[in-house]
Amino acid sequence: MAPTITDVAATVVGNIENLVPLTSGQYTMGSLILMVSYGAHFAFILYFIMASLQVAPRYRIVPIMSAIVMASAGLSLMREFSLWEASFNFDGALYQPLSEGNVFTNAFRYGNWTITVPILLTQLPIAFALSRPDLHKRAFRMAIPAVLMIWTGLYGQFGETGDFARLNLWGVISTVFFVWMLIEVRGVISQAVKNSPPQLVAWPKNIWWYFLATWGIYPIAYALPQLGQTGDIVVVRQLLFSIADISTKLVYGIMLSRYVLRRSALEGY
Amino acid sequence: MAPTITDVAATVVGNIENLVPLTSGQYTMGSLILMVSYGAHFAFILYFIMASLQVAPRYRIVPIMSAIVMASAGLSLMREFSLWEASFNFDGALYQPLSEGNVFTNAFRYGNWTITVPILLTQLPIAFALSRPDLHKRAFRMAIPAVLMIWTGLYGQFGETGDFARLNLWGVISTVFFVWMLIEVRGVISQAVKNSPPQLVAWPKNIWWYFLATWGIYPIAYALPQLGQTGDIVVVRQLLFSIADISTKLVYGIMLSRYVLRRSALEGY
Amino acid sequence: MAPTITDVAATVVGNIENLVPLTSGQYTMGSLILMVSYGAHFAFILYFIMASLQVAPRYRIVPIMSAIVMASAGLSLMREFSLWEASFNFDGALYQPLSEGNVFTNAFRYGNWTITVPILLTQLPIAFALSRPDLHKRAFRMAIPAVLMIWTGLYGQFGETGDFARLNLWGVISTVFFVWMLIEVRGVISQAVKNSPPQLVAWPKNIWWYFLATWGIYPIAYALPQLGQTGDIVVVRQLLFSIADISTKLVYGIMLSRYVLRRSALEGY
Amino acid sequence: MAPTITDVAATVVGNIENLVPLTSGQYTMGSLILMVSYGAHFAFILYFIMASLQVAPRYRIVPIMSAIVMASAGLSLMREFSLWEASFNFDGALYQPLSEGNVFTNAFRYGNWTITVPILLTQLPIAFALSRPDLHKRAFRMAIPAVLMIWTGLYGQFGETGDFARLNLWGVISTVFFVWMLIEVRGVISQAVKNSPPQLVAWPKNIWWYFLATWGIYPIAYALPQLGQTGDIVVVRQLLFSIADISTKLVYGIMLSRYVLRRSALEGY
Amino acid sequence: MAPTITDVAATVVGNIENLVPLTSGQYTMGSLILMVSYGAHFAFILYFIMASLQVAPRYRIVPIMSAIVMASAGLSLMREFSLWEASFNFDGALYQPLSEGNVFTNAFRYGNWTITVPILLTQLPIAFALSRPDLHKRAFRMAIPAVLMIWTGLYGQFGETGDFARLNLWGVISTVFFVWMLIEVRGVISQAVKNSPPQLVAWPKNIWWYFLATWGIYPIAYALPQLGQTGDIVVVRQLLFSIADISTKLVYGIMLSRYVLRRSALEGY
Ligand SMILES: CC1=C(/C=C/C(C)=C/C=C/C(C)=C/C=O)C(C)(C)CCC1
Ligand SMILES: CC1=C(/C=C/C(C)=C/C=C/C(C)=C/C=O)C(C)(C)CCC1
Ligand SMILES: CC1=C(/C=C/C(C)=C/C=C/C(C)=C/C=O)C(C)(C)CCC1
Ligand SMILES: CC1=C(/C=C/C(C)=C/C=C/C(C)=C/C=O)C(C)(C)CCC1
Ligand SMILES: CC1=C(/C=C/C(C)=C/C=C/C(C)=C/C=O)C(C)(C)CCC1
Ligand code: NA
Ligand code: NA
Ligand code: NA
Ligand code: NA
Ligand code: NA
Ligand code: NA
Ligand code: NA
Ligand code: NA
Ligand code: NA
Ligand code: NA
């Protein structure tokens with residue numbers, strides 16, 4: 001069957017946000033979610049800067065990396081927020097997606113992950129004090145599948161407005177890279193379990209499970225548009241993204257910072 | 001009785017600010033209130049950063065948390081301010097709420113509280129030097145009812161433009177969570193009274209009463225729209241919100257910072 | 001005589017800036033004055049932060065308070081500047097005040113003073129090393145008439161576009177609070193003269209006269225619109241406000257910072 | 001001869017930038033010049049802050065003053081840049097100055113100098129370690145002619161769009177103040193030559209010649225519009241201003257910072 | 001053959017970005033590339049500031065210079081991003097370059113290089129600890145051909161929309177300066193190989209090859225428009241620019257910072 005005009009338009013507009021009108025409640029909820037996300041990220045820049053002043057020099061870079069991630073993700077989320085505000089217009093009853101000029105897109109998220117994900121992964125071997133050559137090798141081996149995962153996912157997500165074959169095919173490819181990445185992360189965790197001081201040996205294990213649970217939210221958000229193009233799906237997806245963002249960056253950063261603070265103390269700092 | 005068009009429109013527009021024209025004086029007063037609020041919050045970021053450099057390391061996080069709250073609430077209030085400015089237009093005699101495109105909403109306040117309230121509550125057990133496991137447990141037990149209080153209130157406040165049953169029902173539910181939260185806070189205060197150095201034992205008690213008086217302003221602001229949809233109500237409500245904001249975040253932060261400064265000195269720092 | 005349409009409009013628009021067309025020179029001069037003011041305030045944030053690192057810990061808060069005042073007043077003045085730019089439009093010969101949408105107002109100044117004036121007053125007893133309980137009591141006793149002075153003045157200044165009875169009545173009330181505040185300030189100065197090291201005993205006296213001369217500019221700016229609604233009056237008033245702002249906040253802050261720097265040195269820091 | 005409409009319009013619009021259409025290359029060059037200028041000023045704030053941490057306490061204020069100048073001039077130049085962008089519109093072939101609403105003006109430059117020039121001059125006696133009472137007296141004696149020079153120049157430059165008598169008369173008056181200021185500067189340099197450590201005695205002399213050469217660019221830029229109202233003149237003037245700005249503030253600041261760094265080392269810091 | 005209207009227009013609009021409509025995917029990819037670039041630059045300001053606190057004083061300026069470059073390039077790239085967003089409009093099917101008012105230009109990049117390239121080059125002899133007089137001489141000798149390379153390239157790139165003779169002629173001239181600059185850089189590297197501690201002797205050699213590979217991307221991006229005026233060429237060029245920017249500034253800065261950190265340690269800091 002030849003693609004209809006609507007199919008074409010759908011592919012052009014990229015994300016389902018550009019296809020569904022929202023109720024006032026849904027629109028406000030979406031604004032709210034994005035605003036809370038960027039607000040939280042910006043606010044914790046300060047926390048991580050101060051945290052870096054309290055840990056031993058060799059771990060100082062760990063909270064700094066979190067501060068960098070906060071700044072970068074905060075900017076990106078603030079941009080999503082402005083896009084959201086600019087992409088809908090209130091017609092007196094509903095918020096209509098604007099058909100021209102302003103197009104909402106989630107693609108900036110993937111762009112931002114390209115910066116933040118390698119940083120988040122590199123934090124792990126540094127926090128867990130792997131030896132320097134090992135650290136470089138392992139950071140590299142985690143970053144490669146991670147970036148491939150993001151870029152294949154970025155390519156696939158343009159299919160969400162109708163071309164579900166594209167969405168699913170590239171989703172599966174992306175997941176293969178995700179699994180490869182997880183194997184590498186697991187390797188770092190094993191090292192961490194071996195070399196953690198006995199009082200802290202539960203930490204790398206807990207962080208592993210936490211990591212799995214929170215990074216796993218992203219593929220769910222990716223697949224969600226297949227459930228239908230409704231306002232609720234749009235809002236729930238933004239909510240999932242935001243929960244994932246706060247969990248994998250902000251809370252994860254607090255965990256690692258507290259771990260290195262304890263470890264600094266145990267190492268006599 | 002079936003809802004009229006006006007009822008529907010009222011629910012859609014969310015807050016009474018979108019329904020009443022303001023006199024020049026009222027409009028200016030509203031701008032002024034919001035601007036003083038965000039200005040004060042931003043300005044005191046600096047104060048709390050400097051304060052953190054003067055207290056013992058274990059208390060350092062207390063003023064830092066205030067700085068984070070200042071930054072986050074300042075951004076949110078600046079946004080309320082811009083919304084206010086964009087949502088009314090001067091027609092030569094009155095400031096008319098704009099019927100399309102720009103809709104004022106207080107919902108961002110609730111979004112922001114979701115970040116700031118858990119931080120404000122967690123400051124208490126840290127400042128009062130509760131032991132670490134106790135601290136975590138209690139912070140958690142305060143934060144849960146607090147977040148439920150905020151979200152139920154957020155849901156209810158959409159009723160303020162006409163659906164007072166919704167406003168009141170969810171207001172009561174929110175108040176139940178508020179009381180639960182207060183019981184948990186009271187528990188922390190009791191611990192604080194026990195473990196404070198004798199010279200400072202009056203502080204936790206005073207902070208308790210101050211806490212009650214200032215947090216109690218929010219439900220009053222919530223209920224206010226039932227008194228009528230007039231410009232005065234709109235302005236008085238923004239004023240109540242602002243007094244509450246400055247009291248529960250800024251002045252409260254100064255109090256806790258001074259307490260930990262004294263306590264640092266008494267503990268020989 | 002019943003008020004004419006013009007009288008009504010005049011009250012509505014609040015400040016004389018909204019009534020008089022400006023020549024190109026006057027408009028540019030106004031922009032320039034406001035821009036130099038906010039530029040100077042922002043630029044000196046840095047100065048006061050650095051100054052705070054060079055004085056004894058007990059005085060450190062004095063330059064910090066100046067930095068806070070700089071940030072807060074800078075934001076407010078930048079806002080006056082943008083308002084100015086948005087409130088006039090060049091018609092090819094003159095800058096015409098825009099009749100709708102954008103209304104210039106000086107009210108933000110009063111809003112900002114509500115934050116900055118109590119801070120400026122509290123700097124005095126801290127810089128002059130009054131004992132702690134005395135310090136609190138006196139700061140409080142200065143702040144109360146000060147805030148009443150500002151708010152009564154704010155209410156009165158809406159009369160400047162025609163209702164001079166209002167302007168003058170509330171101006172007099174405000175001046176009563178001003179005098180009360182000055183008596184309290186004088187009390188602090190007397191204490192300061194007593195407890196200053198002999199080498200610095202001239203400082204509190206000089207600061208007193210400086211204080212009188214510079215704070216006294218504000219009531220003159222307040223009364224000025226009675227001399228006529230002309231472009232020159234508009235510009236001269238903004239100039240007076242700016243000279244007063246730079247004198248009572250920035251230069252005053254430098255003076256107090258230098259005083260505490262000297263005093264730190266004499267006290268062996 | 002009575003002034004024509006065009007003469008009047010010319011005086012109203014203030015600067016030649018509002019009279020000449022620019023080619024695409026000229027417009028881009030102008031944007032580029034202004035953007036490089038403000039970018040350079042902002043970027044070096046950081047440099048001067050770090051520099052201040054490396055010199056002896058008594059000289060610390062010298063790089064701080066440069067940081068303040070960078071911030072202040074950067075803001076002002078960013079404003080010139082935005083004005084430039086807003087004041088021309090591309091008509092498909094040329095960039096036409098907009099006849100209403102947006103008027104380009106160089107007057108902000110003069111406003112900014114009123115803040116920065118006294119700071120730049122005061123840096124000299126501090127860097128060259130003049131004794132304290134001498135320092136104050138000399139800073140004051142340099143600042144007075146400097147400010148008179150700027151304000152008479154500001155008044156005169158409004159003549160550049162046609163009233164060359166005004167431009168030249170006030171240019172000469174301004175130059176008289178410039179010469180007076182230079183005599184005062186020369187006095188400071190002489191003191192500096194006397195009290196510099198022998199290894200550094202060439203520095204004040206070199207700074208003197210550098211000062212003459214770079215401050216001398218401003219009167220050339222001032223006089224330039226007499227050569228004609230063409231796009232090239234417009235661009236060359238902005239270029240001269242920018243070269244002068246970077247030379248008299250940024251590079252000059254680096255020079256003084258390096259001098260006090262060396263001097264700190266020689267004085268055993 | 002006389003130039004057609006289209007030829008003229010082409011020269012006027014400066015860059016091929018103003019001539020080709022983009023698909024949604026191409027437009028989004030371009031936005032994404034620019035946004036990731038500026039985000040990465042801004043985020044790493046923090047990294048370099050913290051890095052500077054960990055190296056020996058004589059090398060401290062090296063990461064500071066990277067922080068300055070990050071800030072300056074970040075601003076410039078954010079500007080390219082806004083220009084990109086403002087220069088295309090979605091017509092329902094394609095993103096059309098806007099014919100008036102908003103013209104995209106790469107010229108700001110060249111303006112920014114004029115600030116950043118001399119800083120990047122001067123980092124080399126400082127990091128490699130060349131003796132002071134040698135350092136100055138060599139920094140100067142590298143900066144001269146570099147700036148000539150940039151300015152001749154800037155002039156030439158206006159030819160990319162059709163006047164390929166101009167593009168190529170000035171490209172060759174620029175390349176001559178590039179080669180001259182490389183010879184000077186090679187000289188610094190040779191010195192560095194001689195004076196590096198034995199454990200670090202591989203670093204200057206590796207940096208040399210890295211330098212060649214990454215700076216070499218710019219001339220490729222410059223020449224690219226000759227392959228055709230298509231959306232793909234537009235996007236690939238922005239991608240090349242961004243890869244080059246991140247490689248020659250950010251990653252290069254990390255390399256130099258790590259080198260001086262190691263060297264500080266070996267020199268007993
Ligand atoms: C498996 C999978 C995905 C995984 C994405 C992940 C795991 C993203 C993590 C992002 C983080 C941690 C960002 C922090 O800034 C995609 C790309 C959605 C595509 C569908 C399949
Ligand atoms: C009881 C109650 C409420 C209480 C709100 C409170 C207590 C908010 C506190 C906010 C703070 C402290 C914010 C600081 O950033 C609501 C939700 C208005 C709904 C009505 C019932
Ligand atoms: C006496 C008097 C006044 C005094 C105002 C003063 C003294 C303001 C000081 C402001 C400062 C110091 C601000 C710094 O940020 C008013 C209110 C104009 C009203 C008329 C009578
Ligand atoms: C002699 C002369 C002038 C001199 C201006 C100068 C010397 C300005 C220096 C500015 C600086 C150093 C700014 C730094 O921020 C004017 C006013 C153009 C008017 C014409 C005559
Ligand atoms: C040889 C050559 C060029 C080289 C450009 C280079 C080498 C730029 C480097 C820029 C950097 C490193 C910027 C960092 O901020 C041009 C001008 C494109 C013109 C064509 C010939
Ligand atoms: Na909208
Ligand atoms: Na998506
Ligand atoms: Na408005
Ligand atoms: Na509400
Ligand atoms: Na205007
Ligand atoms: Na007024
Ligand atoms: Na323009
Ligand atoms: Na001029
Ligand atoms: Na666009
Ligand atoms: Na180009």
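## Chain contacts and ligand shells in a predicted model

A salt bridge joins the side chains of B:Arg79 and A:Glu85, with N and O 2.9 Å apart. The model shown here is predicted. This report starts at the interface between chain B and chain A.

### Where chain B meets chain A

How many salt bridges are there between chain B and chain A? The count is 1. That bridge is the pair B:Arg79 and A:Glu85. Polar contacts also cross the interface of chain B and chain A: 2 residue pairs are found, both at pLDDT 80 or more.

Which elements of chain B give two or more residues to the side that touches chain A? They are α1 (5–13), α2 (24–52), α3 (61–87), α4 (107–127) and α5 (132–157) of chain B. The top contributor is α3(B), with 8 residues. By class, this side of chain B holds 18 nonpolar, 9 polar and 4 charged residues.

Now take both sides. Chain B puts 31 residues into the contact, and chain A puts in 26 residues. The size of an interface is often stated as the accessible area that is lost when the parts come together. Chain B and chain A bury about 2200 Å² between them. Of that area, 76% is on carbon and sulfur atoms.

Other chains lie apart from chain B. Chain B and chain D do not touch, and their nearest C-alpha atoms are 17 Å apart. Chain B and chain E have no contact either; their closest C-alpha atoms also lie 17 Å apart.

### Ligand 1 in chain A

Ligand 1 has 17 residues around it. The nearest are A:Trp113, A:Thr116, A:Ser174, A:Tyr218 and A:Lys249. Two of these residues place polar side-chain atoms by ligand oxygens. For A:Thr116, the distance to an oxygen atom of ligand 1 is 2.8 Å. For A:Lys249, the distance to an oxygen atom of ligand 1 is 2.7 Å.

How much of ligand 1 does the protein cover? On its own, ligand 1 has 550 Å² of accessible area, and the protein covers 99% of it. The elements that give two or more residues to this shell are α4 (107–127), α5 (132–157), α6 (164–195), α8 (217–223) and α9 (231–266) of chain A. The largest share comes from α4(A), with 5 residues. Sorted by class, the shell around ligand 1 has 10 nonpolar, 6 polar and 1 charged residues.

### Ligand 3 in chain C

A polar side-chain atom of C:Thr116 is 2.9 Å from an oxygen atom of ligand 3. C:Lys249 also has a polar side-chain atom by a ligand 3 oxygen, at 2.7 Å.

Taken alone, ligand 3 exposes 540 Å², and the protein buries 99% of that.

### Ligand 5 in chain E

Ligand 5 also has 17 residues around it. The closest are E:Thr116, E:Met149, E:Ser174, E:Tyr218 and E:Lys249. When ligand 5 is taken alone, 540 Å² is exposed; the protein buries 99% of that. In the shell around ligand 5, α4(E) gives the most, with 5 residues. The shell is made of 10 nonpolar, 6 polar and 1 charged residues.

| Residue | Ligand | Distance to a ligand oxygen |
|---|---|---|
| A:Thr116 | ligand 1 | 2.8 Å |
| A:Lys249 | ligand 1 | 2.7 Å |
| C:Thr116 | ligand 3 | 2.9 Å |
| C:Lys249 | ligand 3 | 2.7 Å |
| E:Thr116 | ligand 5 | 2.8 Å |
| E:Lys249 | ligand 5 | 2.7 Å |

### A salt bridge inside chain C

Over all chains, the structure holds 45 salt bridges. One joins C:Asp245 and C:Arg109, whose closest N and O atoms are 3.0 Å apart. C:Asp245 sits in helix α9 of chain C and C:Arg109 in helix α4 of chain C, so the pair ties together parts that are 136 residues apart in sequence.

Notes: Residues numbered from 1 in each chain as written. Chains lettered and ligands numbered in written order. Predicted model: local features only at pLDDT ≥ 70, side-chain atom pairs only at ≥ 80, totals over all residues. Heavy atoms only, no water. Contact = heavy atoms within 4.5 Å. Buried area = accessible area lost by both parts, 1.4 Å probe. Salt bridge = Lys/Arg side-chain N within 4 Å of Asp/Glu carboxyl O. Polar contact = N/O pair within 3.5 Å; in protein donor to acceptor, adjacent residues only side chain to side chain. Helix = DSSP H or I, 4+ residues; strand = E, 2+ residues; numbered from the N terminus. Nonpolar A, V, L, I, M, F, W, Y, C, P; charged D, E, K, R; others polar. Areas by Shrake-Rupley, 256 points an atom, 1.4 Å probe, with all protein chains shown as cover. Near = heavy atom within 4 Å.
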